[in-house]
Each structure stands twice: as C-alpha cells, then as structure tokens.
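Subject: Structure for you, with notes

Hello,

Here is the structure I said I would pass on. My notes follow below it.

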Amino acid sequence: MPPVCVYQPAAIYQRGSLLQGAHLVVSAEGVVLEAPPADATVISLPHQLLMPGLVNGHSHAFQRVLRGRTEFIAPGREGDDFWSWREAMYQAAEVLTPETLYSVSKQCFIEMALAGITSVGEFHYLQHQPDGRPYEDESLLAKVVVQAARDVGLRICLLRVAYARSGFSLPPNPRQRRFIDADVERYLRRVEALRASVQNDPLVSVGLAPHSVRAVPKSWLEVLRAQGGPLHMHVAEQPAELKACQSEYQTTPVQLLSQLGLLGPNFTAVHAVHLTPDEVQALGTARATVCACPSTERNLGDGIVPADLLATAGASMSLGSDSHAHIDLFDEARQLEGHLRLLRLRRNVLAPVGSDPSALGRKLIDAATVGGARSLALNVGTLAAGESADFITLDLRHPSLLGASPETLMATVGLFASSAAVTGVWVAGHNIVAGRQHAHAESTANGFTDALRHLGPWPRPVNAALRSLT
Ligand SMILES: [Zn+2]
C-alpha cells in the first residue's frame, strides 16, 4: 500500500452522514481527515458509493457445509425442527479435519468478502479431536479458522466458546465431545494460549463465548464474568432453552445473566428472540448488544428478534449470518426490519417518527457496521479519523441502487441493496476484492468441493445425482 491514498468516489457514507464530492484519505495508520500530501496516490472511483465495511457479528464458518442439505423432511421425521437440524450439524462437526475445516472456513470467508464483509466475529466451538482428546496444539482448530480468515484478508475476532455439558440433568452427548473443556480454568488457559499466539497480528483478536445457559453452568459463568473484552453468548433462541433454564434456575436466561452480573456494554446476546418485557429492559439498561441473525432465525424457525423494543430500551443492535444459509449482511439488515413488519402488521417499525427519508436505512446499516464493531471491540465501522481503513464500494449503477437520490440513497442501501452491488473491499487499507473478484475465489471453491467429497454422504444419505453436484 502506498504511504497515503486518496479515494474519490461519487459519495461517501462516513460518520453517519452521506457526503458528496468528498474524498477519503488513508495512510498506513488508517483513516485521516486532514488534507493529503501533494504526492498522495489518487484513486478515482466513479459511480461508486464508499462506505464502512460490514461487520458480521456472529458466524460459525463450518456450518457453510449445511447449506441446501437440511431443507427436507425425511419419512418418520415429521417433527423436524431446530433440534433435528442440530443433529445434522453435529454430524458435520464430527467429521471435519483440520484440513477440511480450513477449506470450508475459507470458502465461507471468501463469500463474506465478496458480500462486503470486512470483519467477522467467529463463534468457534469445534476444538478437539473427534474422540474428544485435545490436539497436540490445543488451539489447532481455532488457529485453522483464524488462518482461513487471514488468508482471505478479513479481520477476525475469534470468540472462543466455553462448552461444559449437554444440558441440565442431561447425559453427555457423544456428538458434543469436540466442543467440551473439562473445567473453566483449563478453558481460560486455552484462551490465553490462543491470545498469545495471535498477538502479533493486529487484525486478529480473541473474545470469550460461553455457549449458552444450557451448555455452561452458573459456576463457569461466575468465573467468566470477571474477564474483560467481548463476551458473546447464545441467548433465548429456542423455547426449549427457556424451559430448561426454568427447571434448573427457576428463572429466565437473561434474568439469570443479570443476577450473575454478566450483562454490560461488553456483553452480546446472540438471537435474544424469546424475551419477557423485564428481560428486554435488562438488556437495554445494561447497554448490552443484541446480535440478530434474521436469515438463520428464519431458516431454523427460531422466531423474530424484538429489535424495536430492544432499541427503545437502550440495547445496541448488530447482525450476523450465523449458519450461513445466506451470506449477505444487507439482507440481514433489511430483514431485521422486514420481520418486524410481518410481526407488528405495520411499516417502518424501526424508523424514528418524523424522520428523514434515509433515517431507517442509516439505522439498519449502522447495525451492520457500528453495532458489530462495538460488539467485537473493533476500531472500525464509521470511517472516523483514527479508525482502521476497512471500507467497501457499491456500484450506484447496480439495478438495486439505480435511481436513488442523495436523500434516498441510504434508505435504498439499507433496505434494497444487493450484495452483488459490492465492487471493491479494503481491509486495513489492503484491497482484497477488486472488480467484484477475489484472487483466491476459484482455488478456494475447488478446495471446498474437495472437502465436501471427503465428508461423505451426510447428513442423511443423499441420492447420487445430488452427490455428483459437488
Ligand atoms: Zn450461533
């Protein structure tokens, strides 16, 4: 990267405002707002909107292998729901090797880059060998996923999952052997070892992720509360989880976390679909983040995140592609609002009353940028001075954006943009997608299809015609 670059697009979305005729100055330190030096390299970007890169707040990269493989009901499984989907997901988790995990993760991250995602929060729970014994390098699989993201050029916050048990009063599930650490002290030692191994890469950070109140007992949560940095947790995704929490603790998941002192600005509740009014208030009062994953919540039949009530209560919103049924954060943003329209039977649910035509669009884009950055403690998201230069360009002539005026452009982006409009992606000033292409896309796709062949015929036997497609 030259010492200083000046990007000159048709418009810039910067620090929450749409600017025309402006330029973005990027030095080796990141975004700078003062005038560029005379010898700066000028990069002209006609017909492009330049905006902050998207932050994918919740990902399980390996679940990319499930796409298209769980969309049917087998005879005898008429009650197919989240929990039988989970069994299929566990089958995938059982057979991945470090090599195939790398290939699958890299494909997932390439798709993210092409869709304008520059940072990912990877909620990583595949840790050990298939029989549950640690690898010689106990952080091997976490490092493999980090390497895949870095080889694509993404910034990654590896949210190392804590997983202790199958659930309250449940026998161990052999399919969870690869996830489980024997005790919380060992878990924290492994987190520290992982942190030490990535400390020289400024694009990699490590956070904590107690999986859920089902998989992590209170005694672990009491220890984890004292740790700093991002703390992410699946919360209230399915009604069965609420029932189990009632049986064990005689309260609801968010109330339990509140009583334990876990809720705060560094806490992110992933999903938070099934909430009581008191729980909404507790998340808001704590200034916690709720990471909604609408495409996955729709695909799994989870329900709808009450983002309107949460925002009113004071919670911050972020977005994730989670199971990667789709990888399109513009779609996640629009469905955050779209699902609420179906639920509340009205329009513009998240729009401030009396707002300008683009206020709702800005709010949705902010969830996909600033909200994710806050949740993962990343210095990105608004293109303010001193931030890392993580940004993307969108083609204003793309059919999904064509015809927008300066007044309606951010409404168009927030509610109608296709990720196919993304033309360029920069992470820390490095251009990783140019002309809608990523240099590794083809080789990565080949590696991915090879990995799928190694996985064999799962989740359930598929016919030969289907198998030959991979
Ligand atoms: Zn998840």
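Ala-28 sits in the loop between strand S3 (24-27) and strand S4 (30-32); helices (H or I, at least four residues) and strands (E, at least two) are DSSP runs, numbered from the N terminus. Ala-28 is exposed, with a relative accessible area of 62%. Here buried means under 20% relative accessible area, exposed over 50%, and partly exposed in between (1.4 Å probe, protein chains only). Pro-3 is 25 residues from Ala-28 in sequence and 5.9 Å from it in space, C-alpha to C-alpha.

Please note that this is a predicted model, in which local features need pLDDT of at least 70 and side-chain atom pairs count only at pLDDT 80 or more, while totals for chains, interfaces and linings use all residues. Residues are numbered from 1 along each chain as its sequence is written, and side-chain values use heavy atoms, with hydrogens and water left out.

Zinc site

The zinc ion has as protein donors His-58 (NE2), His-60 (NE2), His-234 (NE2) and Asp-322 (OD), at 2.1 to 2.8 Å. Donors are N, O and S atoms within 2.8 Å of the metal (3.2 Å for Na, K and Ca); water is not among the atoms, so sites may look incomplete. The arrangement is irregular because the 4 donor atoms subtend angles of 81 to 173° around the zinc ion. For reference, four donors count as tetrahedral if all angles lie between 85 and 135 degrees; four count as square planar and six as octahedral if opposite donors are over 155 degrees apart and all others between 65 and 115; anything else is irregular. Along the chain the donors have the spacing H-x1-H-x173-H-x87-D. His-234 is in strand S10 (residues 231-235) and Asp-322 is in the loop between strand S13 (316-319) and helix H11 (329-344), so this pair ties together parts 88 residues apart in sequence. Both His-234 and Asp-322 are buried.

Strands S11, S12 and S13

S12 (residues 289-292) runs parallel to S13, joined by 4 bridges, and S11 runs parallel to S12, joined by 3 bridges. Two strands pair if DSSP finds at least two bridges between them. Thr-289 has Ser-316 as its bridge partner in S13, and Thr-268 has Thr-289 as its partner in S12. S12 is covered on both faces: Thr-289 and Cys-291 on one side, and Val-290 and Ala-292 on the other, are all buried. In S13, Ser-316 and Ser-318 point one way and Met-317 and Leu-319 the other, and all are buried.

Cysteines

The count of disulfides (a pair of cysteine sulfur atoms within 2.5 Å) is 0. Cys-291 is in none, with the nearest cysteine sulfur, that of Cys-293, 4.2 Å away. Cys-291 is buried, at a relative accessible area of 0%.

Glu-279, Val-280, Ala-282, Leu-283 and Gly-284 are buried in helix H8 (residues 277-285). The buried residues of H8 pack against helix H7 (253-259), strand S11 (267-271), S12 and helix H10 (307-313). Leaving aside neighbours within four places in sequence, Leu-283 is in contact (heavy atoms within 4.5 Å) with residues including Val-254, Leu-263, Val-290 and Leu-310. The largest nonpolar core has 132 residues, and Leu-283 is among those with the most contacts inside it. Helix H3 (residues 140-152) gives the most to this core, with 8 residues. Such a core is a set of buried Ala, Val, Leu, Ile, Met, Phe, Trp, Tyr and Cys residues joined through side-chain atoms within 4.5 Å.

Regards
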